[in-house]
Amino acid sequence: MSAEKATALVLRTTDWSESSRIATLWTREFGKVRALAKGGRRIKSNFENALDLLTLCRIVFLRKSSDSLDLLTEAQVIQRFPRLRTELAALYAAYYVAELLAEGTRDYDPHPLLFDEALDTLRTIGGADQPEAQATGLRVARFEMVLLRELGYSPVLDHCAGCGGSVVETELAFSAAANGILCRRCRSGQRDSRPLAPSSWRMLQELAAPGDSWRRPWDLEARAEVRQLLGQYLTYLLGRRPRLLSYLGS
Ligand SMILES: [Zn+2]
């Protein structure tokens with residue numbers, strides 16, 4: 001058993017006994033960690049409400065070597081995201097981010113870049129300043145694309161995912177089962193393929209590219225199509241539809 005320190009986002013908490021809770025934490029250093037917080041349900045506990053959902057905190061935990069749960073010994077708040085308390089759309093988007101991290105990652109599989117991306121997403125959608133129109137939906141789409149890349153499921157976007165050949169912009173389709181775009185010939189053999197508009201294709205490419213070129217106004221149709229497509233792709237990969245998906249705006 002060793003004491004570890006980490007920076008963590010609280011993804012989920014479950015009551016464990018009359019006084020304790022199990023916290024699912026997304027840490028920068030260790031990836032997803034599940035730890036028992038003894039006394040975590042008491043109002044005056046060691047954790048001082050640091051275990052509220054989607055709070056950024058500094059934690060100390062005892063890592064168990066066997067199958068038993070890690071033990072949380074300290075949690076201090078670093079940052080809260082105030083707009084999550086006042087705006088439902090921001091809260092749903094943040095819950096969706098937490099759901100993808102909790103369901104899509106494995107215990108002790110660290111992805112510091114994905115941690116930073118999640119934190120930046122929460123700061124954009126839940127920070128004190130009102131984000132610009134469309135910023136929440138676009139920020140969540142960028143988070144999803146980074147999550148896909150970090151977990152090894154980046155969709156193929158620059159050539160046909162079926163035959164590897166080049167594609168014509170006006171004849172594109174996307175297939176979750178094929179992990180990307182398909183040319184006109186390959187799309188007919190893939191049952192889940194759906195047509196993909198050129199503007200949506202460009203938006204997907206910018207969301208997947210390094211840098212900030214994704215941060216610009218996209219037309220409503222592209223945003224709506226990309227929202228649907230990313231939801232469909234993540235549903236396929238997770239094997240079930242994320243619970244919060246239908247609450248998201250584009
Ligand atoms: Zn093809």
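This is a predicted model: local features need pLDDT of at least 70, side-chain atom pairs count only at pLDDT 80 or more; totals for chains, interfaces and linings use all residues.
Residues are numbered from 1 along each chain as its sequence is written, and side-chain values use heavy atoms, with hydrogens and water left out.

I placed E4 in strand 1, residues 2-15 (strands are DSSP runs of E, at least two residues, and helices runs of H or I, at least four, numbered from the N terminus). I then checked its charge partners: E4 is buried without a salt bridge, and R63, the nearest side chain of opposite charge, is 4.3 Å away. Buried means under 20% relative accessible area with a 1.4 Å probe, protein chains only, and a salt bridge needs a side-chain nitrogen of Lys or Arg within 4 Å of a carboxyl oxygen of Asp or Glu.

I turned next to the largest nonpolar core, which has 57 residues, and found that L9 and L101 touch the most other members; such a core is a set of buried Ala, Val, Leu, Ile, Met, Phe, Trp, Tyr and Cys residues joined through side-chain atoms within 4.5 Å. Helix 2 gives the most to this core, 10 residues. Leaving aside neighbours within four places in sequence, I listed the contacts of L101 as L11, W26, K32, L114, A118, F143 and L147.

Notes:
Buried means under 20% relative accessible area, exposed over 50%, partly exposed in between (1.4 Å probe, protein chains only). Lys and Arg count as positive and Asp and Glu as negative; His and the chain ends are not counted. Contact means heavy atoms within 4.5 Å.
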